[in-house]
Amino acid sequence: MKSIKAILLIFIALLGLQLSAYANPQPEEEEFNAGETIFHHLSNSHEWHLFSIGDTHVSIPLPVILYTPNGLDVFLSSEFHHGKVTEEGIMLERGKNTYIIEHDHIKLAGHEEAAVYDFSITKNVASMFLSVVLLFIIFGKVAKSYQTDKPQAPKGLAGLVEPVILFVRDEIAVPAIGKDKYERFMPYLLTVFFYIWINNLLGLLPGAANLTGNITITATLAGFTLMMILFNGNKNYWGHIFAPPVPTWLYPIMIPIEIVGIFTKPFALAIRLFANITAGHIVILSLLSLIFIFKSFAVAPISVGFALFINGLELLVAFIQAFVFTLLSALFIGQAVEEHHHEEHEAHHPAHEEANHAEKPAQAEIKEEVAVTA
Amino acid sequence: MQLLTPELGLFFWQLVTFLLVVFLLTKYAWKPILQGIKKREEEITHALAAAEKAREEMQRISAENEKLLQEARIEKDQILKKAQETARQLVDEAKENAKKEANRMIEDARRIIESEKNAALSEIKAQIATLSVQVAERILKNQLSEEAKQKAYIEELLKDIKLN
């Protein structure tokens with residue numbers, strides 16, 4: 001109870017920190033722009049901005065890695081502050097390259113848009129690394145507790161994580177993919193689940209990056225699921241796409257629809273995760289922005305109260321979205337590796353089959369054999 | 001819309017990182033964890049089955065014990081009954097024998113007494129006869145010692161004859 005109270009206190013304190021972070025990025029004479037502030041906090045950045053007091057911005061500089069026509073250029077994001085502020089953005093001269101940085105977008109002066117490939121360790125990438133390190137620490141520890149000769153009851157961290165692993169196995173993988181084939185996909189599903197979950201949770205921390213609310217991240221994750229589907233799809237799956245069970249004259253319509261269908265599934269996955277997490281962040285940030293829009297401390301208790309409530313809700317959403325993403329991935333994979341039920345059905349009624357194919361007994365036999373081996 | 005613009009760098013790092021995470025976690029976490037869980041589940045199933053089996057065995061043994069006990073009880077009752085019967089029979093037999101023996105002894109005693117009595121009686125008779133002859137002899141000797149007495153007796157005898 002005591003520790004819960006302490007965590008709650010820290011949480012509320014940090015919320016205050018977040019508040020101050022939102023409050024002061026703009027000089028005081030400038031009008032507070034809630035939309036801009038919110039989008040600034042939702043989007044990626046080359047530095048990890050923690051908080052600002054007055055005009056002093058406290059942020060962690062991150063490495064900028066640029067691939068330019070003049071070779072690879074690596075420097076810290078704090079160098080941006082040494083550049084000249086111009087109309088177009090910040091002008092930064094480094095060796096042969098002159099960069100123009102506008103809203104965290106880096107361009108090369110006198111070149112086309114695509115001339116710079118930005119592989120920087122941005123705030124999101126850094127946050128991703130952090131989450132991965134956390135995953136390794138947590139699961140390295142948990143895995144160790146299973147490497148004993150005699151099976152033991154899960155204790156400590158393993159006791160916390162094991163029910164979730166069992167949940168992924170028994171509620172997601174087994175029902176969606178089937179008892180015979182789920183084991184092959186368990187590592188991928190578990191990784192996706194915990195990766196999304198931990199990043200959802202990290203995203204809720206004040207000052208943290210909004211990783212799972214980033215379309216690039218969700219699209220890449222969905223891309224992995226798509227690859228899983230494409231590489232594991234069996235004859236039956238491809239048969240449904242290129243030879244759907246419809247009259248032949250419908251093929252010109254059906255085949256394109258089925259091909260589009262391959263891509264709509266991961267697309268929906270990507271958009272769902274992105275939209276859910278981003279929406280949650282926008283709601284929290286909007287509630288907190290109310291204080292600065294009304295310029296009144298009186299609004300603060302209500303705003304903070306609501307934001308706290310939404311934050312609690314987001315904790316739930318963090319789990320639910322990880323669950324939904326994993327479940328749908330499992331369902332799509334399950335569809336791709338599913339066996340043909342019709343043939344199985346026929347295999348159970350050999351007498352019926354023989355009666356139907358009495359005139360072609362050899363063919364019936366082959367079909368039956370296929371059904372049995374399948 | 002900055003929010004919806006994919007970023008090349010992020011995509012690249014995500015691709016590399018995620019593949020690495022999948023690979024490393026699969027090798028060092030998921031496989032041992034899932035194997036551990038499976039092993040434990042098997043062990044639990046096994047243990048439960050063993051417990052069930054032991055319970056059944058226990059039940060079977062206790063039923064057998066109960067049966068054995070029941071049988072022993074029945075046998076005990078039978079043995080007791082038999083023993084009692086045998087004892088009674090023995091007692092009866094002994095009683096019978098004793099009675100017979102007693103009767104026989106009484107009979108013997110009676111017979112001996114009878115024969116002893118007869119022997120005694122015949123001896124007494126013989127004695128009496130001897131005694132009577134002796135008495136008669138003495139009396140005769142005494143009475144017929146004198147002439148006068150002899151004459152008187154003859155007369156008397158003659159008188160009797162006359163009368164007849």
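## Exercise 1: Helices α3 and α5 of chain A

**Task.** α3(A) passes α5(A) in a crossing: is it left-handed or right-handed? Then find how the two helices are oriented and which residues make the contact.

**Solution.** 

1. In this predicted model, α3(A) passes α5(A) in a right-handed crossing.
2. Take the axes next. They come within 10 Å and cross at roughly 120 degrees.
3. List the contact. α3(A) contributes A:Ser127, A:Leu130, A:Ser131, A:Leu134 and A:Leu135. α5(A) contributes A:Phe194, A:Tyr195, A:Ile198, A:Asn199 and A:Leu202.
4. Sort these residues by class. Seven are nonpolar, three are polar and none is charged.

## Exercise 2: Helices α5 and α9 of chain A

**Task.** At what angle do the axes of α5(A) and α9(A) cross?

**Solution.** 

1. Locate the helices. α5(A) spans residues 182-204, and α9(A) spans residues 299-337.
2. Read the geometry. The axes come within 9 Å and cross at roughly 160 degrees.
3. Apply the cut-off. Angles over 145 degrees count as roughly antiparallel.
4. Count by class. The contact has 15 nonpolar residues, five polar and one charged.

## Exercise 3: Helices α3 and α4 of chain A

**Task.** How far apart are the axes of α3(A) and α4(A), and at what angle do the helices pack? Classify the pair.

**Solution.** 

1. α3(A) covers residues 123-146, and α4(A) covers residues 156-177.
2. Their axes are 9 Å apart, and the packing angle is about 100 degrees.
3. That value lies within 65 to 115 degrees, the roughly perpendicular class. α3(A) and α4(A) are therefore roughly perpendicular to each other.
4. Name the contact. A:Ile138, A:Lys141, A:Val142 and A:Ser145 of α3(A) meet A:Leu157, A:Ala158 and A:Val161 of α4(A).
5. By class, five of these residues are nonpolar, one is polar and one is charged.

## Exercise 4: The sheets of chain A

**Task.** In what order do the strands lie in the open sheet of four strands, and which strands are at its edges?

**Solution.** 

1. Start with four strands. Their order is β5-β6-β7-β8, and the pairing is antiparallel.
2. Find the edges. β5 (84-85) and β8 each pair on one side only.
3. Check one end. Two bridges join β5(A) to β6(A), residues 90-94. A:Lys84 has A:Met91 in β6(A) as its bridge partner.
4. Check the other end. β7(A), residues 97-102, pairs with β8(A), residues 105-108, over four bridges. A:Ile100 has A:Lys107 in β8(A) as its bridge partner.
5. Inspect the hairpin of β7(A) and β8(A). Two residues lie between the strands, and A:His103 takes a positive phi near 50 degrees.
6. β3(A), residues 63-68, pairs with β4(A) over six bridges. A:Tyr67 has A:Leu72 in β4(A) as its bridge partner.

## Exercise 5: Two chains and their confidence

**Task.** How many residues of chain B are in contact with chain A? Then see where pLDDT stays under 50 in chain A.

**Solution.** 

1. Count the contact. 31 residues of chain B touch 39 residues of chain A.
2. Sort the chain B side. It has 21 nonpolar residues, six polar and four charged.
3. Note the model scores. ipTM is 0.78 and pTM is 0.72.
4. Take chain B. Its mean pLDDT is 90, and 98% of its residues reach 70 or more.
5. Take chain A. Its mean pLDDT is 81, and 82% of its residues reach 70 or more.
6. pLDDT stays under 50 over residues 12-29, with 26 contacts beyond four places in sequence. It also stays under 50 over residues 343-374, with 18 such contacts.

Methods
Residues are numbered from 1 along each chain as its sequence is written. Chains are lettered from A and ligands numbered from 1 in the order in which they are written. This is a predicted model: local features need pLDDT of at least 70, side-chain atom pairs count only at pLDDT 80 or more; totals for chains, interfaces and linings use all residues. Two residues are in contact if their C-beta atoms, placed from the backbone, lie within 7 Å. Ala, Val, Leu, Ile, Met, Phe, Trp, Tyr, Cys and Pro count as nonpolar, Asp, Glu, Lys and Arg as charged, and the others, Gly among them, as polar. pLDDT is the predictor's confidence in each residue, from 0 to 100. Two strands pair if DSSP finds at least two bridges between them. Axes are lines fitted to C-alpha atoms, for helices over the stretch in contact, and angles run from 0 to 180 degrees between N-to-C directions. Angles under 35 degrees count as roughly parallel, over 145 as roughly antiparallel, 65 to 115 as roughly perpendicular and the rest as oblique. A crossing is left-handed if the near helix is turned anticlockwise from the far one by less than a right angle, and right-handed if clockwise.
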